[in-house]
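Dear colleague,

I am passing on the structure that follows, and below it I set out what was found in it. Please read the notes with the sequence and the model side by side.

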Amino acid sequence: MFSTVTSGAVSGIQSYLLHVETDISSGLPSFHMVGSVGRQIMEAGERVRVSLKNAGIYLPPSRITVSLSPSEIEKRGIVVDLPVAAGILVCMRILPQECFDGVFVAGELGLDGQIKPVRGVLPMVEEARVQGMKLCVLPAANLSEGALVHGIRCAGVSTLRQFIDYMKAGEDEKLRIAPYGETSQRLTSANDTREESDFSDVRGQDGVKRVLEIAAAGFHNVLMTGAPGSGKSMLASRLPGILPPMTRQESLEVTRIYSIAGKLPGNTPLITRRPFLSPHHTVTARALTGGGMPAMPGIITLAHRGVLFLDELAEFEPSVLNVLRQPMEEHSIVLSRGGYTCRFPSRFLSVFAMNPCPCGYYPDLNRCSCTAPEIERYRHRVPGPVMNRMDLNVDVPRVPLAVLMQREENNTSAQIRARVMEAVRIQKERFAGTPFTFNADMNAKAVEVYCPLGRSERLFVRDIFEAMNLTARSYHKILKVARTIADLEGQENISEEHLAEAAGYRPRDPEEFHKDSGKEQSV
């Protein structure tokens with residue numbers, strides 16, 4: 001007897017349908033799995049056998065062969081327990097083959113017959129809908145996740161016996177089990193009400209708050225430099241509170257990533273808050289980029305559509321920082337490992353913070369004990385190409401005691417976010433029908449279209465370009481930041497004031513910094 005059951009698998013960030021073909025024939029009792037399967041998948045055979053036994057179903061003493069197609073794709077790290085069990089049940093005539101027509105099945109089996117959740121349900125259900133499947137039978141723990149996909153019906157089962165009863169049921173009875181649309185909406189709303197730290201808690205630092213407001217409005221990268229205790233980490237942690245909310249499409253993108261990584265919160269089927277990740281400076285390059293067998297997203301992909309905060313930037317290994325060069329520019333990372341190549345999205349807002357020197361107190365020569373060579377080596381730990389990819393550079397000064405003790409009301413995150421949202425609305429109208437969302441997304445050609453300059457502004461930019469010895473990348477970054485500043489002020493055209501402010505945020509040439517620091521230290 002032969003049977004076919006449709007399941008799915010994930011390769012990188014993409015998913016594909018997997019056809020589980022099962023045959024039971026006469027011969028020596030055995031259980032074989034073919035189709036480029038790894039050792040982990042072959043273990044599914046014994047789990048299925050014991051799970052069926054504990055559900056009261058004993059396998060016949062026959063030769064059982066299971067084939068996973070397409071066979072040219074290497075299967076690693078995928079779970080096919082429930083589809084394999086379903087195929088065996090069809091071959092044993094316990095379930096009819098017809099009940100699996102247009103049905104997608106996924107789940108892991110426990111030895112006691114319980115059906116456990118699996119990773120990557122969201123992208124697999126999306127692919128099942130695209131391929132015309134009409135029903136997805138999922139573990140009950142994954143049901144709310146699968147229900148996020150519109151246009152396909154999902155049902156959740158908790159045990160193997162419940163699965164058998166459900167598949168035997170008539171169509172009218174199956175229709176009574178609907179997706180958890182209502183529950184998903186409730187959990188999404190609950191997720192939106194979580195409290196965040198507020199900018200009103202930060203005393204002083206108005207210049208830094210201005211920079212972070214520009215960064216949030218245009219999704220520009222930020223580098224903050226200041227002494228220990230000046231508030232860099234405190235300010236960075238409040239940035240998510242002024243970022244614009246994610247669209248549903250962006251939420252699905254982020255949820256898909258976390259589903260594949262197995263990091264989707266159990267009580268939140270849809271991630272609606274922009275991620276905020278802050279890895280320790282001992283993180284490895286592989287942890288940032290991802291990889292492994294099967295390929296798993298790394299930190300920069302988990303920060304997709306959110307914030308990647310690197311504190312104590314100069315303490316990171318230069319080789320680790322260098323892996324950020326491609327993702328910061330192309331908003332994705334391509335991983336090539338033995339046997340596979342995959343691309344992970346990584347459109348994140350980079351927020352970096354560092355001290356000006358190893359002790360952290362330069363240029364206060366009364367407190368700084370670092371020599372000029374030590375400062376030079378410290379600054380050189382941050383690769384120049386990474387520094388050059390920062391859009392906004394700001395010094396974070398120490399806050400005077402009088403400012404810390406004042407009771408004057410500061411701008412709240414809600415007030416700042418309202419200004420950011422208005423700027424985002426302007427960008428949304430400007431970029432309608434284009435692949436761009438924020439000003440920082442523009443390429444060189446788009447900058448020419450959306451950042452036109454008048455005659456006086458052109459002359460002003462020429463003077464800035466020559467005086468600061470800018471590169472082409474720096475020139476375009478100044479125009480994009482100036483465009484965001486103009487949007488925050490509700491101005492249609494970029495003025496000299498906008499260009500001057502944007503140019504003032506460009507990082508200084510590291511070589512010039514070393515020359516200046518050396519001179520001042522030698523005095």
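Helices here are DSSP runs of H or I that hold at least four residues, and they are numbered from the N terminus. Please keep in mind throughout that this is a predicted model.

With that definition, Met405 is found in helix 18, which covers residues 401–405. Met405 counts as exposed because its relative accessibility is 60%, and exposed means over 50%. On the surface, Met405 forms a nonpolar patch with Leu401 and Leu404, and together the three have about 350 Å² of accessible area.

Turning to the sheet, five strands form an open arrangement in the order 11-14-17-10-18, with parallel pairing. Strand 11 (276–277) and strand 18 (392–396) stand at the edges with a single partner strand each, so one side of each is left without a neighbour in the sheet. Within this sheet, strand 10 (residues 222–226) runs parallel to strand 17 (residues 349–354), and four bridges join them; Val222 stands opposite Val351 in strand 17.

A further point concerns Lys209, which lies in helix 9 (residues 206–218). Lys209 is buried yet has no salt bridge, and the nearest side chain of opposite charge, that of Asp206, is 4.3 Å away, whereas a salt bridge would need a side-chain nitrogen of Lys or Arg within 4 Å of a carboxyl oxygen of Asp or Glu. A polar atom of the Lys209 side chain does, however, lie 2.8 Å from the backbone oxygen of Val202.

Methods. Residues numbered from 1 in each chain as written. Predicted model: local features only at pLDDT ≥ 70, side-chain atom pairs only at ≥ 80, totals over all residues. Heavy atoms only, no water. Pairing = 2+ DSSP bridges. Helix = DSSP H or I, 4+ residues; strand = E, 2+ residues; numbered from the N terminus. Patch = residues over 30% accessible without salt bridge, like charges linked within 9 Å, V, L, I, M, F, W, Y side chains within 5 Å. Areas by Shrake-Rupley, 256 points an atom, 1.4 Å probe, with all protein chains shown as cover. Buried < 20%, exposed > 50% of the residue type's maximum accessible area, 1.4 Å probe, protein only. Lys, Arg positive; Asp, Glu negative; His and termini not counted. Polar contact = N/O pair within 3.5 Å; in protein donor to acceptor, adjacent residues only side chain to side chain.
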